[in-house]
Amino acid sequence: MTATKADRVLGTTTLIIGTNELLAERTVARIRVGVHEADADADLSELSARDLGPGVMAEIASPSLFASARLVLVTDLPELPADAADGLLAYVAEPSPDVALVLMHPGAVKGKAVLDQLRRTGVTVVKAEPLKRWDLPDWVIREFESCSRVVTARAAAQLVDAVGEDLRALAGAVHQLAADVGAELVDEEAVGRYFGGRAEVKGFAVADSALEGRTAQALEQLRWALGNKVDPVLVTSAFASGLRGLGRYVAAGSTGGSDLAREIGVPPWKLKTLARQARGWTPDGIETAIQATARADAQVKGAGADRHWPLERLVISVVRARASR
């Protein structure tokens, strides 16, 4: 007989480690579905670990008068009182078959001893750690897969640039595209059509366009960015980041192999962008562009009277540095 969701969650303990709220909430929601599959009237109890005094775990495991199944969510695990640790560990070793226990720990050093002991008991561990920016395109790809859609790597990266690093916003954007785009494949054109005007994209988009020698497009994107109140410092920061990656890529040449992304400190999907950009650059040109970026950065941080004009000069200077081969 095929196991139901209820079979998989009742009588188990799930340990969620990390501060990523969306991933943690999704885990809890999945477990809640399983519990309610067993009993539509199942109880949901939420309490802080600081309230798990002696005897509380026994109370949690006791049958409810109103429901046969129960989901117990314990937050703030680092606050677990020392005299409650043994009770918790004893329960986890012999859990109630009608209870799904979820423990939440932010992953900090505090409470690490109990965390390690829980891991050794064989609890289900779910990582809910904040994602690095370079991990987000892969997360977007998996999110599209969960919607039975395929997205290109460049479109996934473009969506991250457009929407930003907040997972809730990214998830919403993915589901909007999955619902609205008729084709199974979501490409850059689709992302640009729906999210091309988002302010968050512009710092990186301006830099990428300039590094690829597209002056008119870079200046147009810059005007959009400034019109949408993007701080000029974010634009110069994007140029600096792009040039650092490009400089490392050019310096590495073809010696990096499969480890090239790790060697130069960029996500794997970024290598294609760098390969395309590098065709128009020399080490001297990159150095010239870095110097221009440093000047513009100083000006937008107060050395100049106008914070916008230095950015236009920066775009032109970078394109010219690329062309001076």
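1. Two residues are taken to be in contact when they have heavy atoms within 4.5 Å of each other. This is a predicted model, in which local features need pLDDT of at least 70 and side-chain atom pairs count only at pLDDT 80 or more, while totals for chains, interfaces and linings use all residues. Residues are numbered from 1 along each chain as its sequence is written, and side-chain values use heavy atoms, with hydrogens and water left out.

2. On the overall composition, the chain has 16 helices and seven strands, where helices (H or I, at least four residues) and strands (E, at least two) are DSSP runs numbered from the N terminus. Of the 325 residues in the chain, 44% are buried; here buried means under 20% relative accessible area, exposed means over 50%, and partly exposed lies in between, with a 1.4 Å probe and protein chains only. The chain exposes about 16,600 Å², and carbon and sulfur atoms supply 52% of that area, the accessible areas coming from the Shrake-Rupley method with a 1.4 Å probe and, for residues, with only the protein chains shown counting as cover. Among the contacts in the chain with a separation of 6 or more, 76% are between residues 24 or more positions apart.

3. Helix 6 (residues 136–146) deserves a careful look, and its buried residues are L136, P137, W139, V140, E143 and F144. Seen down the axis of helix 6, these buried residues fall within an arc of 155 degrees, so they line one face of the helix; the arc is that of the directions from the helix axis to the C-beta atoms. The face turned away from the buried side of helix 6 carries the exposed residues E145 and S146. The cover over the buried residues of helix 6 includes helix 2 (21–38), strand 6 (150–151), helix 7 (153–163), helix 8 and strand 7 (185–186).

4. How do helix 6 and helix 8 cross? The axes of helix 6 and helix 8 (residues 167–180) come within 10 Å and cross at roughly 40 degrees, where axes are lines fitted to C-alpha atoms, for helices over the stretch in contact, and angles run from 0 to 180 degrees between N-to-C directions. Helix 6 and helix 8 are therefore oblique to each other, given that angles under 35 degrees count as roughly parallel, over 145 as roughly antiparallel, 65 to 115 as roughly perpendicular and the rest as oblique. On the helix 6 side the contact is made by L136, W139, V140, E143 and F144, and on the helix 8 side by L167, L170, A171, V174, H175, L177 and A178. Helix 6 passes helix 8 in a right-handed crossing; a crossing is right-handed if the near helix is turned clockwise from the far one by less than a right angle, and left-handed if anticlockwise.

5. In helix 4 (residues 85–93), the residues A85, L88, L89, Y91 and V92 are buried. They cover an arc of only 160 degrees around the axis, which puts them on the same side of helix 4, whereas D86 and A93 are exposed on the other side. T13 itself is found in strand 1 (residues 12–17) and counts as buried, at 6% relative accessibility.

6. Most residues other than glycine have a negative phi. D76, in the loop between strand 3 (70–75) and helix 4, has a positive phi near 55 degrees and is partly exposed, with a relative accessible area of 36%. S148, in the loop between helix 6 and strand 6, has a positive phi near 60 degrees and is exposed, with a relative accessible area of 54%.

7. A last point concerns A153, which lies in helix 7 and is partly exposed, with a relative accessible area of 38%. A153 and I141 are twelve residues apart in sequence and 7.4 Å apart in space, C-alpha to C-alpha.
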